[in-house]
Amino acid sequence: MSEDPKETFSVGAGALAGAVPGAAPGAVPDAIPLRARVRSLGPSMTRSVQAVAETVAADPAGCSRLTVSALATRTGTSEATVVRTARLLGYPGYRDLRLALAALAGQQDSGAAPAVTADIAVDDPLADVVAKLAHEEAQTLADTAAGLDLTALGAAVTALAGARRIDIYGVGASALVGQDLAQKLLRIGLVAQAHADPHLAVTGAVQLRPGDAAVAITHSGSTGDVIDPLRTAFERGATTIALTGRPNAPVTHYADLVLATSAARETRLRPAAMSSRTSQLLVVDCLFVAVAQRTYETAAPALAASYEALAPRRSARSPRP
């Protein structure tokens, strides 16, 4: 595509490029979300850039002491590749990346940032599986929260709170997240529907107009069955929102607002599309709670009414004789 159809919609662009939400232009980004940025940008990196990025994320203390030429030698790349990697990760230059790495190393030494656990092996004991998964989930949530663009999140809350109608698109594991968002919004009185069927999704998107909202959930950001209805909603004038782990993915071309999510490290037993669900659900909860706050006068009675209506279904029933 020769032209980006959302060039004028720049909310969240700074944070997605690696900048800290709310930071002054040119400010050095915080080191905390570094691993999250490496994970999310990994699939779009060249092999040489990925080698540099993964090296600095794995050994921030050691890399913080290296000159640009020394890091290039260590990673088998060039000085230009090292500088390009620093900028891709959101730093003005290599010097700024070294400062951030030093800060991250200090946090790890003080216990603020736990060491990354090893991948789960096929023969791992159950106790190790539980411990490793708990650590990865906690790190994924921390990475997502640290990198979440609050300006984009606030704009998304405004769009959802005032929408005449909300359509949500997702397939596979993301469809489950979409259903969770839809049922939460329904319980506070909003008109929301989750579409897992791509045909119904596009059919519904055609009916959208300005004042409506559409949410696309896709970790890869390149799922055609999610992009197609979002593009239709975008063209119809609805406010479009993308939840994705790939900030520069195709889905963002049709998103007015982009909410970046993180994912645990991909393994043979746990693909990224599955591990991303944790961070997606965190963003969904943030959206729901903030929308409920914004519409409290109507949301609270609606939530109470739905709770009361469902109460009889939560009580135990005697089995039939």
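Two rings of Phe, Tyr or Trp (its six-membered ring) count as a pair if their centres lie within 6.5 Å, and planes under 30 degrees apart are stacked, over 60 edge-to-face and the rest tilted. This is a predicted model, so local features need pLDDT of at least 70 and side-chain atom pairs pLDDT 80 or more, while totals for chains, interfaces and linings use all residues. Residues are numbered from 1 along each chain as its sequence is written, and side-chain values use heavy atoms, without hydrogens or water.

**View A. The aromatic pair.** Searching the whole structure turns up 1 aromatic pair. Phe-234 belongs to helix 12, and Tyr-254, 20 residues away, to the loop between strand 4 and strand 5 (257–260). Helices (H or I, at least four residues) and strands (E, at least two) are DSSP runs, numbered from the N terminus.

**View B. A charge over Tyr-254.** Arg-231 lies over the face of Tyr-254, 5.6 Å from the ring centre; that takes NZ of Lys or CZ of Arg within 6 Å of the centre and within 35 degrees of the ring normal. Tyr-254 is buried, at 8% relative accessible area (buried is under 20%, exposed over 50%, partly exposed in between; 1.4 Å probe, protein chains only).

**View C. The buried side of helix 12.** Buried residues here include Val-226, Ile-227 and Leu-230, and Phe-234 is buried too, at 16%. The buried residues of helix 12 pack against strand 1 (166–169), helix 11 (198–205), strand 3 (213–217) and strand 4 (239–244), with contact meaning heavy atoms within 4.5 Å. Just past the helix, Gly-237 has a positive phi of about 95°.
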